[in-house]
Amino acid sequence: MLNMFRSSAPRFTAKEAIARKGEVTLIDVREAAEVKASGLAAGALHIPLSLVAMKADPKSPDFDARIAQGKPVCVYCASGGRSGMAAQALSKLGYEAHNIGGLGDWVSAGGTVSR
């Protein structure tokens, strides 16, 4: 079932997201305890999956202006399932959203992690 979410959005690889750093908004959709245990990709925003639609909707009073309109958004989680769901939600809101997989994909591609 998770694979249907992995392939549902246009796909950048983690390596492409790293190469385009500064040109994309990077979002970690894992829970706070996961981020605390393993760190956050350098430069990523932390917005848990359950809050993505609310934080990314410019009409919401809880809109997070750090999610730039017109800028590609790359999302990751632990393995790619939740980030696929987040990419779908972001796409429905009009964002160019990319599921780049999990934090391990980020690290394997040479991305750094802040703790």
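This is a predicted model: local features need pLDDT of at least 70, side-chain atom pairs count only at pLDDT 80 or more; totals for chains, interfaces and linings use all residues.

Biologist: Which side chain does E34 meet in a salt bridge?

Modeller: Side chains of opposite charge can pair when their charged atoms come close. Here the partner of E34 is R82, at 2.8 Å from N to O. R82 lies in helix 5 and E34 in helix 3, so the pair ties together parts that are 48 residues apart in sequence. R82 is partly exposed, with a relative accessible area of 24%.

Biologist: How many salt bridges does the structure hold?

Modeller: There are 4. One of them joins E23 to R20, with the closest N and O atoms 3.2 Å apart. E23 is partly exposed at 44% relative accessibility, and R20 is partly exposed at 29%.

Biologist: With which residue does R30 form a salt bridge?

Modeller: With D28, where the closest N and O atoms are 2.7 Å apart. Both R30 and D28 are buried; for R30 the relative accessibility is 3%.

Biologist: Where is R30 placed, and what surrounds it?

Modeller: R30 sits in the loop between strand 1 (25–28) and helix 3 (32–38). A polar atom of the R30 side chain lies 2.6 Å from the backbone oxygen of G39. Beyond its neighbours within four places in sequence, R30 has contacts that include H46, Y76, R82 and L103.

How values were computed: Residues are numbered from 1 along each chain as its sequence is written. Side-chain values use heavy atoms; hydrogens and water are left out. Helices (H or I, at least four residues) and strands (E, at least two) are DSSP runs, numbered from the N terminus. Buried means under 20% relative accessible area, exposed over 50%, partly exposed in between (1.4 Å probe, protein chains only). A polar contact is a pair of N or O atoms within 3.5 Å; within protein, one must be able to donate a hydrogen and the other to accept it, and residues adjacent in sequence count only if both atoms are side-chain atoms. Contact means heavy atoms within 4.5 Å.
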